[in-house]
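Have the view open as you read, and take the points in any order you like.

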Amino acid sequence: MKTILYFIQKEFLQIFRDKMMLPIIFAIPIIQLLVLSYTATYEIKKIDLGIVDLDRSVTSANLISKFEASPFYILKLVEPNYQVLDEMMQEGELEQIIYIPQHFEQDLLIENNTTVQVITDAINGSAASLMSAYSVQILGGFNKEFLIEEMMIPLGYRQINNEVAYWYNPELDYKTFMVPGILVLLVTIIGLFLSAMNIVKEKEIGTIEQLNVTPIKKYQFIIGKLMPFWIIAMFDLGLGLIIAKFVFAVPMLGSIPLVIGVAGIYLILVLGIGLFISTLSDTQQQSMFISWFFVMIFILLSGLFTPVENMPLWAQKLNILNPIAYFIEFMRLVLLKGSSFMDVWRNIVSISIYAVVMLGLATLRYRKHS
Amino acid sequence: MENNKKQVVVKDLVKKFGSFVANDHLTFEVNSGEIFGFLGANGAGKTTAIKILCGLSAPTSGEVKVAGFDIYKQREQIKKSIGYMSQKFSLYDDLTIAENIRFYGGIYGLNRQQIKLKTSDYMDSLSLHEYASSRVEELPLGIKQKLSFMVAILHEPPIVFLDEPTGGVDPLTRRQFWEMIYQEAQNGKTIFVTTHYMDEAEYCHRVSIMVDGKIEALDTPAGLKEKFGVDSVEKVFIKLARG
Amino acid sequence: MRIFIIKEFLQIFRDKRTMVILFGIPIVQILLFGFALKNDIKNVQISILDQSKDLYTQELTNKLVSSGYFILNSNLQNTDEIEGIFKKGKVREVIVFEPQFGENLIKDGRANVQIITDASDPNTANMVYSYTQAIISDYVQEINTRNEKPVMIIPQSQMRYNPELESVFMFVPGLITIVLMLVSAMMTSISITREKELGTMEVLLVSPVKPWQIILGKVLPYVFLSFISAILILLMSYFVFHMPFSGSLVLLLSSSLLFIILALALGLFISTVSKTQQVAMLLSMFALLLPTILLSGFIFPIKNMPLALQYFSHLMPPKWFVIVIKNIMIKGNGIELVWKELLILLGMTMFFIVLSIKKFKIRLE
């Protein structure tokens, strides 16, 4: 036990000896948490809209005013020349163009039938389908009003009223979702990178041999290497949770001791992966690139930025090996929904088994002699 | 510790890397309190042998006992009884002298009091007080080497392995270094040292010379010179190395 | 000078692992993410609480489930079950039909349906709701047109640039940017600090080679290799992901080259401020990774972010390159529509190079 304490003391001394490390370990994650949590929204508002009005009738003016009044749209200009708007879309100044044809009003009154074209910049497909849905909704609403007011058609028209309830987050504040997620990412990245570089650094400078001739036990070595990073990462996590609570007002419905406890196990898992990578590589550069490769995959497949169920099945299956996916789901369930141990025990068991396996692999791979 | 006890016993030690034989049936013994010089050209297999003796590498076959313990079964006991100073620099560059001593002391199970004592002892004997707060990377090379040696014997092991301890060091420091080695040998420690400075070989009690994985000669420096009819160990070495 | 560059090339080519990193990692990641990342709605699990169980609720349920967006996870019996099912975390939406739904719809012309979404992931909740709403209004229109043909404005939706609404159009340009940016910045910053740590930098500095020549020698091989990497990625996006190549190929390639040089210049700058490889790596990976993903418009449109962040994103080089790639590849724009972005990238490159040279000189004195 004493041996381990001496080991931990040495690791801490080394980590903080480089003056750049303090800001890297504490300031960068906190700043990133504060800034990046605001970025992650799919919400569509203020769509830049241009309208081509070839009809210039009362009805088309009415329709235009509907778009003008909508909170989703910013009507940039109304123009009879489609070419002008087309170029603006090409330059990225417009996201949507509504094309009202000639004889729009006339067709509507006489033929009872007309078309309006909606042209959407669809490079971002999901945003485009939302934008398109908004415009169709406005057109539908206008259509209904037109029937009642202009055509005097009494309402035999059937309706289904839908009333939406956004549970757990009635304001749709995306930050309450993102803050715990980004916090998990930051803590994971820092823990993984630091631990992945650690053993291999001793290999590079040659001190590992000196350690290997000492009577230190394997488990003492692994614990001594793991503990400092565990403490640092837990500290970062705690700090992040405080910021989440007091700056972002993230609701913390579930049990905080449960979150802290599982976070502790999760970090052992992350550091175990890092140490394992470290024992596999010969240079810090290698271990860093291997870690980076996996971190990118873990982050982008975790479901934080794009929902997991949209991915193809094989990608969803890959998530069985994705520690971030397990832990983000756990955090979301417990913090935001107040899920209890009984709801999330599967995640906890998965994380624990995974942690034991990775730690075992790291210990096994670390050889005191060849 | 009995004086006539053998600290290292090696019989028919073989180490192969694939088809390459790095150590070819080595057989030798090192007595307690002896300074045993392990000579050989670069690539002769010295470092391979020393790594096996320290438990860093496993032999392919043969019998090896260090400090009375068997290399196959009692590796951990051996580690408690040996000190090792590697070719590569073995202290942590980014820690201070005291921090290095405290760390290695802690690993070897010295208590706080002992560590404190050793630290002030080393500071005095190597006159390191002006470097008390500097990191090891800022020390002159000679001092670093001496310090590495002291750290290697921090836990008072009966036997110390030194792998080319004086590489790149000025003649004066080398001399001081060997005085330290003599001092420790007189205190009863067994010293196992590899070097390619032939003048240093003259300081050893006994010298073995390795060529292409084999021990070609093993005797006292005087005995070797007599046997080969030359006036220095260097000439013996050149004769053997040329075949 | 030439000898020096050749030495660098040789060192890099000999190191097989570096080659794997430069070419293997980008290719694997683009393939993996190109296929896996989708930000549209598909196969979302829903539960239905049908308190009416009539023809209309049946029809609407079928319409929802057969849309391809939703999968029916379970039928609930009462409202108390909703909480439990959300807490298990699989179901994203519960649809509650009021009692006598069909009767109300026919007799009063009005029926109520409640849509409860799990908004702990508000982005998805919002999209799921929009899709549900669209299906319901579709259904309403359908039952209304069954008997009569009322006055209709028929919206014709045209999805410009990406008629199939493929997610890769969004993600591939972003991935190219991220991979080039991080790999290039990391490679230079690490290789220079490595020489510093090993002490070989000093050997170079005492030689008659000038500092800027040393830097050029270090960076040039990576420019070349990253450029080949970029071409590979572009080939994949064309042949594997069927991205369009509407614009000028020369313009696309020279923009990529500019961006690579920018990333390398950034790596150079990082190497001048860090003493050890460890710090260089942490700066180029940890400090750059998430901002590059989040502030480049790769996944989340910058336009929807708070104003302060929109200004902040102007400082992110990847943002400008994403715009350039999308404009050239997908929209087919020429230089007249991307010169502003390219000028900004050029300015940033100069900035980092000048800063690095200044830093480098100071250290030498």
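Which residues touch the most other members of the largest nonpolar core? Keep that in mind as you go through the points below; please remember throughout that this is a predicted model.

1. **The core.** The residues to look for are Phe193(A), Ile82(B), Phe192(B), Leu182(C) and Met285(C), which touch the most other members of the largest nonpolar core, a set of 278 residues. The element that gives the most to this core is α7(A), with 19 residues.

2. **Who touches whom.** Two pairs of chains are in contact, and chains A and C share the most contacts. Chain B and chain C, on the other hand, do not touch, and their nearest C-alpha atoms lie 11 Å apart.

3. **The contact between chains A and C.** Chain A brings 100 residues to this contact, and chain C brings 99 residues. On the side of chain A, at least two residues come from each of α2 (21–36), α4 (82–90), β4 (113–121), α6 (125–149), β5 (159–167), α7 (174–205), α11 (284–301) and α13 (323–337). The largest share, 16 residues, is supplied by α6(A). By class, this side of chain A holds 57 nonpolar, 29 polar and 14 charged residues.

4. To see one of the pairings up close, find Glu163(A), whose bridge partner in β4(C) is Gln114(C). As background, strands of a sheet pair through backbone hydrogen bonds, either parallel or antiparallel.

5. **The contact between chains A and B.** Here 18 residues of chain A are in contact with 24 residues of chain B. On the side of chain A, the elements that give two or more residues are α1 (2–17) and α8 (207–212). Of these, α1(A) gives the most, with seven residues. The side of chain A that touches chain B is made up of five nonpolar, nine polar and four charged residues.

6. **Chain A on its own.** Chain A contains 14 helices and five strands. Its radius of gyration is 29 Å, well over the 21 Å that the globule rule gives for 370 residues, so chain A is more spread out than a compact globule. Along the principal axes, its C-alpha atoms fill a box of roughly 95 × 45 × 40 Å. Of its 370 residues, 49% count as buried. Among contacts in chain A with a separation of 6 or more, 80% are between residues 24 or more positions apart.

7. **Chain C on its own.** Chain C has 14 helices and five strands. With a radius of gyration of 28 Å, well over the 21 Å that the globule rule gives for 365 residues, chain C is more spread out than a compact globule. Its C-alpha trace spans about 95 × 45 × 40 Å along its principal axes. Of the 365 residues of chain C, 45% count as buried.

8. **The sheet in chain B.** Chain B has an open sheet of four strands in the order β2-β1-β4-β5, with antiparallel pairing. Since β2 (20–31) and β5 (69–70) of chain B stand at the edges with a single partner strand each, one side of each is left without a neighbour in the sheet. Further in, β1 (residues 6–17) of chain B and β4(B) run antiparallel and are joined by five bridges. Val10(B) stands opposite Val64(B) in β4(B).

9. **One residue in that sheet.** Is Ser61(B) buried or exposed? Ser61(B), found in β4 (residues 61–66) of chain B, has 10 other C-beta atoms within 10 Å, so it is exposed.

10. **Confidence.** The mean pLDDT of chain A is 88, and 97% of its residues reach 70 or more. Within chain A, confidence is highest in α10 (residues 256–280), at a mean of 94, and lowest in β5(A), at 79.

Conventions: Residues are numbered from 1 along each chain as its sequence is written. Chains are lettered from A and ligands numbered from 1 in the order in which they are written. This is a predicted model: local features need pLDDT of at least 70, side-chain atom pairs count only at pLDDT 80 or more; totals for chains, interfaces and linings use all residues. Two residues are in contact if their C-beta atoms, placed from the backbone, lie within 7 Å. Ala, Val, Leu, Ile, Met, Phe, Trp, Tyr, Cys and Pro count as nonpolar, Asp, Glu, Lys and Arg as charged, and the others, Gly among them, as polar. Two strands pair if DSSP finds at least two bridges between them. The radius of gyration is taken over C-alpha atoms; the globule rule is 2.2 Å times the number of residues to the power 0.38. A residue is buried if 20 or more other C-beta atoms lie within 10 Å of its own, exposed if 12 or fewer, and partly exposed in between; C-beta atoms are placed from the backbone. A nonpolar core is a set of buried Ala, Val, Leu, Ile, Met, Phe, Trp, Tyr and Cys residues joined through C-beta atoms within 7 Å. pLDDT is the predictor's confidence in each residue, from 0 to 100.
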